[in-house]
Amino acid sequence: MKHSIYNKILIGYIIFAALSLISINTFISSKVMDTETRRQASELYNQANAASTYYSNNYVNVSFTPQDTNIWIVGMSNDILYSSTPDSDPEVLPDLSEYFTDTYYVVGTFNGITKEELLTVYSPIVNNYQYYGYVVMNKSMSAVENRHIQIMNMINISFIIIFAFSMIVLVIFSIFVYKPLTDIMNATKEYAKGNYDY
């Protein structure tokens, strides 16, 4: 009976921590994934813009491939003129403009033509107001997911460390505050019974 309040507090605290951890790995995890996808897409888009500006003046000279990214130089008829990873290229590309109507990046397999899910951005190659093709950059979504996992691991470890410290505070509270209070309450009950030797 004397430990029932403390046990309830402890159980409630553990339930709260478990629910918090579940929430972090569901709701927050999806937000982190969306944010990381947008961040990496923005980086790819800046690289694609830099590459398309370069290719506008040096259309045939290809020497720019960012790390963990494959790059396509795509002609106006959606044929791949150059690829940094020719062995894994699809045979035919769809009309890319259909996929980039509302956003500067897409995630998917272009209706199954690529072997894996990709994060893709593209930037037009323009010279003297004339379009010559597109710089298309692809990054495997597994690379984005790996970064997402790293971020979530850091969040989870931080939460566990905070929870461990708070448990230490709870134990200190029980030793220096809760236990003396329960002793005083027990002494009061014993005195009320006439046990003055307690």
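**View 1. The side chains of E36 and R39 meet in a salt bridge, at 2.6 Å from N to O.** A salt bridge here is a side-chain nitrogen of Lys or Arg within 4 Å of a carboxyl oxygen of Asp or Glu. This is a predicted model, in which local features need pLDDT of at least 70 and side-chain atom pairs count only at pLDDT 80 or more, while totals for chains, interfaces and linings use all residues. Residues are numbered from 1 along each chain as its sequence is written, and side-chain values use heavy atoms, with hydrogens and water left out. Both E36 and R39 lie in helix 1 (residues 4-57), three residues apart, which is about one turn of the helix; helices (H or I, at least four residues) and strands (E, at least two) are DSSP runs, numbered from the N terminus. E36 counts as buried at 5% relative accessibility, whereas R39 is partly exposed, with a relative accessible area of 36%. For these words, buried means under 20% relative accessible area, exposed means over 50%, and partly exposed lies in between (1.4 Å probe, protein chains only).

**View 2. E36, R39 and E43 are linked in a network of salt bridges.** The structure holds two salt bridges, and in one of them the side chains of E43 and R39 meet at 2.5 Å from N to O. E43 and R39 both lie in helix 1, four residues apart, again about one turn of the helix. E43 counts as partly exposed, at 38% relative accessibility. Side chains of opposite charge can pair when their charged atoms come close.

**View 3. The structure holds five aromatic pairs, among them the one formed by Y99 and F110.** The ring centres of Y99 and F110 are 5.0 Å apart and their planes stand at 85 degrees, so the pair is edge-to-face. Rings of Phe, Tyr and Trp (its six-membered ring) pair if their centres lie within 6.5 Å, and planes under 30 degrees apart count as stacked, over 60 as edge-to-face and the rest as tilted. This pair links distant parts of the chain, eleven residues apart, with Y99 in the loop between strand 2 (80-83) and strand 3 (105-108), and F110 in the loop between strand 3 and strand 4 (118-127). Y99 counts as partly exposed at 22% relative accessibility, while F110 is buried, with a relative accessible area of 5%.

**View 4. Y45, Y104 and Y105 form one aromatic cluster.** The rings of Y104 and Y105 have their centres 5.1 Å apart and their planes at 65 degrees, so this pair is edge-to-face. Y104 counts as partly exposed at 32% relative accessibility, and Y105 counts as buried at 17%.

**View 5. Five strands form an open sheet in the order 2-1-5-4-3, with antiparallel pairing.** Strand 2 and strand 3 stand at the edges, each with a single partner strand, so one side of each is left without a neighbour in the sheet. Neighbouring strands of this sheet are turned by 25 degrees against each other on average, direction ignored. Axes are lines fitted to C-alpha atoms, for helices over the stretch in contact (heavy atoms within 4.5 Å), and angles run from 0 to 180 degrees between N-to-C directions.

**View 6. Strand 1 (residues 70-74) and strand 5 (residues 130-140) pair in the antiparallel sense over five bridges.** Two strands pair if DSSP finds at least two bridges between them. I73 stands opposite V135 in strand 5. Helix 2 (residues 141-192) lies across strand 3, strand 4 and strand 5, running at about 50 degrees to strand 5.
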